[in-house]
Amino acid sequence: MSTTIDVETVKQKVIEMVRQAAITRVGDHSRLDGFELLELSDTRAAGEVLGNWMSIILVTGDAIRITLKLHFSSSDAKAVSHVVYGEDSPNGVSDAKAEDFVKELSNLMAGYIVKTFEGMNIPMGISLPLCTRGFYEVFADYVPTESPLIRFSDLWRLEYKNRAISGTVMIEISNPNALDALCDFDLDQDDDDDSEFDFL
């Protein structure tokens, strides 16, 4: 398929959108200030095992599919979630609650992405998040392609006081021309959470 838009700009805008979803939603969800989003692509590669556990959620539409994975250890998830659970320390958070915290973070990030796309009249849906062992990441295929499917990935870490949740994102674009509105996407747009989402 021939393209009439700047594909590199579209790719960069999707990366920016997902990263914005990550840094805004982790602060809101954890009720903690001071998270940083750090670059990981300089030292790690997509497909490496980045944590004992991994939450996965899919955001998809006719033109694009985004697979978002959050990698974590139970101890780090407990450390960044104990406030939201009303516990005085991470020791009060069970393994199940720590897992639920990361799954819900995935869900909130996906919701942000869907809302942003829908603001550009690009309908999207989201799957339910699931959690599995981080080791299974070694079976993922992140090899970039340009035709017929544009596939690329992004890699970062959300860090708070030496605790971290890492993210790997695989983006697959099947129709870049349908994403032309992304070229004018502005990260500073309104960020209210009053939209409904279609689950896949």
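Angles under 35 degrees count as roughly parallel, over 145 as roughly antiparallel, 65 to 115 as roughly perpendicular, and the rest as oblique. The model is predicted: local features need pLDDT of at least 70, side-chain atom pairs need pLDDT 80 or more, and totals for chains, interfaces and linings use all residues. Residue numbers start from 1 along each chain as its sequence is written, and side-chain values use heavy atoms, without hydrogens or water.

**Exercise 1. Describe how helix α2 packs against helix α3.**

Solution. 
- Start with the general rule. Two packed helices are described by the angle between their axes and the distance between the axes.
- Helices are DSSP runs of H or I with at least four residues, strands are runs of E with at least two, and both are numbered from the N terminus. Axes are lines fitted to C-alpha atoms, for helices over the stretch in contact, and angles run from 0 to 180 degrees between N-to-C directions.
- Read off the geometry. α2 spans residues 74-81 and α3 spans residues 95-118. Their axes come within 9 Å and cross at roughly 75°.
- Classify. α2 and α3 are therefore roughly perpendicular to each other.
- List the contact, meaning heavy atoms within 4.5 Å. α2 contributes Ser-74, Ala-77, Lys-78, Val-80 and Ser-81. α3 contributes Asp-95, Ala-98, Phe-101 and Val-102.
- Sort by class. Ala, Val, Leu, Ile, Met, Phe, Trp, Tyr, Cys and Pro count as nonpolar, Asp, Glu, Lys and Arg as charged, and the others, Gly among them, as polar. The contact of α2 with α3 has 5 nonpolar, 2 polar and 2 charged residues.

**Exercise 2. Determine how many residues of α2 are buried, and what covers them.**

Solution. 
- Set the cut-offs. Buried means under 20% relative accessible area, exposed over 50%, and partly exposed in between, with a 1.4 Å probe and protein chains only.
- Count. 7 of the 8 residues of α2 are buried, and the helix is mostly covered.
- Name them. They are Ser-74, Asp-76, Ala-77, Lys-78, Ala-79, Val-80 and Ser-81.
- Find the cover. It includes α1, β2 (53-60), β3 (64-72), α3, β6 and β7.

**Exercise 3. Locate a cis peptide bond and two residues with positive phi.**

Solution. 
- Recall the background. Most residues other than glycine have a negative phi, and most peptide bonds are trans.
- Take the peptide bond. Ser-147 and Pro-148 are joined in cis, with omega about -5°. Pro-148 sits in the loop between β5 (130-133) and β6 (150-160).
- Take Arg-31. Its phi is positive, about 60°. Arg-31 belongs to the loop between α1 (7-30) and β1 (36-39). Its relative accessibility is 59%, so Arg-31 counts as exposed.
- Take Lys-161. Its phi is near 50°. Lys-161 falls in the loop between β6 and β7 (163-173). Its relative accessibility is 67%, so Lys-161 counts as exposed.

**Exercise 4. Classify the ring pair of Phe-135 and Phe-139.**

Solution. 
- Apply the criteria. Rings of Phe, Tyr and Trp (its six-membered ring) pair if their centres lie within 6.5 Å; planes under 30 degrees apart count as stacked, over 60 as edge-to-face and the rest as tilted.
- Search. The whole structure has 4 aromatic pairs.
- Classify. The ring centres of Phe-135 and Phe-139 are 6.0 Å apart and the planes are at 85°, so the pair is edge-to-face.
- Phe-135, Tyr-136 and Phe-139 form one aromatic cluster.
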